[in-house]
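Please open the structure in your viewer and keep the selection tool at hand. The tour goes from the whole chain to single residues.

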Amino acid sequence: SRRAASALVMGDAENFKITTSEDVERARRAAAPASAAPMAIGVGYDVHPFAAGRELILGGVRFEGDGLAGHSDADVCAHAIGDAILGAAGLGDLGQHFPDSDPTYRGASSLALLQRIAELAASSGWRVANCDVTLGAKRPRIAPAAAQMRELLARALGVAPSQVNIKATTGEGLGFVGRGEGITAHAVAMLMRSR
């Protein structure tokens, strides 16, 4: 009888056996396209002037005093976060999805719009990791309501309140914010791949 020849052949580290949940995650990463970044960051900005006779809503919270002019409820905080998420996910901007020419969105809750934006991002394979917002507002005082704002925004986004941060500056008397003519919001959102 003939004896079979044997030889040692070097293997490939990428050719691995899938046994544990860690192996499954490693296989997912290996199968993901190289262009699919594991995270993305977006920046959002919004500004609205004060308007007498409207409710003032920021981060879903109602404040005393004149509200802001706008087609929806003019929540600059929620709008800036929404634009940051849309930007990070590569989904355009708030005006594309909720145009002010559409009467459907007249007086709409910005928290409802924010929830829809989180759903759009999720359907594109993203989940919100965190959001950070800076409001420029001479009035009202934001700090006493910041925790409630975080709670409401987090609920709309489907995340924990610890994943949303709210802070404010008065403008130190400079520009339209410092003169108390309106409110601005700057937001940054980080998204993580969910699939």
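What percentage of the 195 residues of the protein count as buried? The share is 41%, where buried means under 20% relative accessible area, exposed means over 50% and partly exposed lies in between, with a 1.4 Å probe and protein chains only. What you see is a predicted model, in which local features need pLDDT of at least 70 and side-chain atom pairs count only at pLDDT 80 or more, while totals for chains, interfaces and linings use all residues. Residues are numbered from 1 along each chain as its sequence is written, and side-chain values use heavy atoms, with hydrogens and water left out.

**The whole chain**

Colour by secondary structure, and six helices and seven strands can be picked out; helices (H or I, at least four residues) and strands (E, at least two) are DSSP runs, numbered from the N terminus. Followed along the sequence, these elements give the pattern α-β-β-β-β-α-α-α-β-α-β-α-β. Among contacts between residues at least 6 apart in sequence, 70% join residues at least 24 apart, a contact being heavy atoms within 4.5 Å.

**The sheet**

Next select the five strands that form an open sheet of mixed pairing, in the order β4-β1-β7-β5-β6; two strands pair if DSSP finds at least two bridges between them. At the edges are β4 (67-68) and β6 (164-169), each of which pairs on one side only. Now show residues 39-51 and 182-193, which are β1 and β7: these strands run antiparallel and are joined by 11 bridges.

**A helix across the strands**

Most residues other than glycine have a negative phi, and most peptide bonds are trans. In the loop between β5 and α5, select Pro140: the peptide bond from Arg139 to Pro140 is cis, with omega near 0°.

Move to Ala74 in the loop between β4 and α2 (76-89), a residue with a positive phi of about 60° although it is not a glycine. Is Ala74 buried or exposed? Ala74 counts as buried because its relative accessibility is 0%.

Finish at Glu172, in the loop between β6 and α6 (175-178). Glu172 is not a glycine either, yet has a positive phi of about 50°; with a relative accessible area of 67%, Glu172 is exposed.
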